[in-house]
Amino acid sequence: MILADKIIRERKKNGWTQEELAELMNVSRQSVSKWESAQSIPDINKVIRLSELFGVSTDYLFKDEIEEPEFVDTEEVAGRKVTLAEAHQFLRLKDKTSKLIALATVLCMMAPIPLIVLGGISSQYPHTLSEMIAGITGLLLLLLIVTPAVAIFIYSGSQTEAFHFLDEEIFETEYGVTGMVKERQKAYHGTYTRNNIIATSLCILGVLPLLLSSFTENEVYIVIGLATLLVIEAIGVAIFIINAIRWESMLKLLQEGDYSRQMKQEATRTNGIAAIYWPVVIALYLGYSFLTNNWHTSWVIWPVAGVLYGAVIAVVKLFQKNN
């Protein structure tokens, strides 16, 4: 098998187009096309670069008699090393999963809406809809909405599982990775700022329907106002999530901000707190809501819990710093 065929084989195995391989190699698409059609041969430096991208030995690429790739370990003994190809793949996956995670979050935030609306109708018109039927139907619809959301969360996590080490481990990057990520970060900065403004505005203005509905004594209008609030807030949160995941994916590769080497060392101390704190909050939320059937106000626990969590982490970090 000649070099041209091997380039085609390894490129397709990695799922790259000629344009994508050309970008990774810092050459034109026409150059890649000529390599694959055997009209020209890449120089020694380009072949070495191809071997690094494909994760194969240079002997495999150079020697026609070697038909099967000889894979090489790109991970150094001192720690992991992220290649340019891996960085591109990670950013593509995070862009894809950011939308999926945002969708799943929206479903979770909107899941209580049927229960809230049906509860309001049964309260205002008990002869039309009994409280028991409203509760059972609302809970059934809640489960039907939450179930696919959970499936989306699990699927999204599995897509980027191979890159979980970026969150917690200290790693090195191949030449060119930092420059590529910084260019993307610079190009995205304007969009990042604009999306944060839009999301913040939606979260603030989302309370208007509830405030307007509070002027009436009809409970149906009130729960519709609350449901509208949840929809608007869910859209705002979805924009926040997509924006944050895309931005944080670049910070992870650059090891900056919350993903700096120092922060990673501190994160191992606070992860245990989160593992205890949030399950307790969920248990309190569900327990209180089921016992009181006060779903239309019990949601307040989430913003309160979020603020308290930040305070708890700050206190723990201060304590660790002083000791």
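Predicted model: local features only at pLDDT ≥ 70, side-chain atom pairs only at ≥ 80, totals over all residues.
## An aromatic cluster and a helix pair

Tyr188, Tyr192 and Trp247 form one aromatic cluster.

**The aromatic cluster**

A pair of aromatic rings is described by the distance of the centres and the angle of the planes. The chain has 6 aromatic pairs in total. For tyrosine 188 and tyrosine 192, the ring centres are 6.5 Å apart and the planes meet at 45 degrees, so this pair is tilted. Both tyrosines belong to helix α10, which covers residues 177–205. They are 4 residues apart there, about one turn of the helix.

Tyrosine 192, at 22%, is partly exposed, because buried requires a value under 20%.

Tyrosine 192 also pairs with tryptophan 247: their ring centres lie 4.3 Å apart with the planes at 15 degrees, so the pair is stacked. This second pair links distant parts of the chain, since tyrosine 192 sits in helix α10 and tryptophan 247 in helix α12 (residues 219–254), 55 residues apart. Tryptophan 247 is buried, with 13% relative accessibility.

Here are the two pairs side by side.

| Ring pair | Centre distance | Plane angle and class |
|---|---|---|
| Tyrosine 188 and tyrosine 192 | 6.5 Å | 45 degrees, tilted |
| Tyrosine 192 and tryptophan 247 | 4.3 Å | 15 degrees, stacked |

Another ring, that of tyrosine 60, has a charged neighbour: lysine 6 lies over its face, at 4.6 Å from the ring centre.

**Helix α12 and its partner α7**

Two packed helices are described by the angle between their axes and the distance between the axes. From α7, the contact includes Ile113, Ile116, Val117 and Ile121. On the α12 side, Val220, Val223, Leu226 and Leu230 are among the residues involved.

**The chain as a whole**

The secondary structure comprises 15 helices and 2 strands. Of the 323 residues in the chain, 35% are buried. Among contacts with a separation of 6 or more, 72% join residues 24 or more positions apart.

Notes
Residues numbered from 1 in each chain as written. Heavy atoms only, no water. Phe/Tyr/Trp six-rings, centres within 6.5 Å; stacked < 30°, edge-to-face > 60°. Buried < 20%, exposed > 50% of the residue type's maximum accessible area, 1.4 Å probe, protein only. Lys NZ or Arg CZ within 6 Å of the ring centre and 35° of its normal. Contact = heavy atoms within 4.5 Å.
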